[in-house]
Amino acid sequence: MKENGLNWTVASAGTESYHIGEAPHRYSQKICMAHGIDISDFRASKFLAADFENYDLIYAMAGDVYEEISRIGGRFADMEKVDYFLNELYRSAGSGSGIEVNASVPDPYYGAEEGFLEVYEMINKTCDAIIANYKNKNYV
């Protein structure tokens, strides 16, 4: 993001408690390192209601995550700030692009390494779209 002149703070958090404090999956670490990104010091954290105040935008990777974000936020849930992550590809490509609105990012956790690479490429492409959408004022 710095190479794009953006002074953004980006964080990642889950909606379930069972991975809190754990390092990223070994395949995630391997694939990111192969792309020059070291995530070995990262640790899983949980989404909090306070995140609605701390962040301008919140992306859900899947439908169940979207619902959990709303539940966790309770009366503080500003769902106007929440969108499905992959919707940025839809916005970037324009309507009629064949990209499913409110689509979920597949969870490769229990699968083979190839699934992690596919998800990495999907996330990387979507991050590029977020930057392009922001610069083109297609930003939510």
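## Helix α1 and its packing

The buried residues of α1 pack against α5 (113-135). Helices here are DSSP runs of H or I, at least four residues, numbered from the N terminus; contact means heavy atoms within 4.5 Å, and buried means under 20% relative accessible area with a 1.4 Å probe, protein chains only. In α1, residues 26-34, the buried positions are Y27, I31 and C32. They lie on the same side of α1, because they cover an arc of only 125° around the axis, taken from the directions from the helix axis to the C-beta atoms. Just after α1, G36 has a positive phi of about 80°.

## Basis of the model

This is a predicted model, in which local features need pLDDT of at least 70 and side-chain atom pairs count only at pLDDT 80 or more, while totals for chains, interfaces and linings use all residues. Residues are numbered from 1 along each chain as its sequence is written, and side-chain values use heavy atoms, with hydrogens and water left out.

## Aromatic pairs

Six aromatic pairs are counted, where rings of Phe, Tyr and Trp (its six-membered ring) pair if their centres lie within 6.5 Å, and planes over 60 degrees apart count as edge-to-face, under 30 as stacked and the rest as tilted. The Y27 and F116 rings are 5.4 Å apart at their centres with planes at 70°, so this pair is edge-to-face. Y27 belongs to helix α1 and F116 to helix α5, 89 residues apart. Both Y27 and F116 are buried.

F47 and F52 form another edge-to-face pair, at 5.5 Å centre to centre and 85° between the planes. F47 is buried at 6% relative accessibility, and F52 is buried at 4%.

Methods:
Buried means under 20% relative accessible area, exposed over 50%, partly exposed in between (1.4 Å probe, protein chains only). Helices (H or I, at least four residues) and strands (E, at least two) are DSSP runs, numbered from the N terminus.
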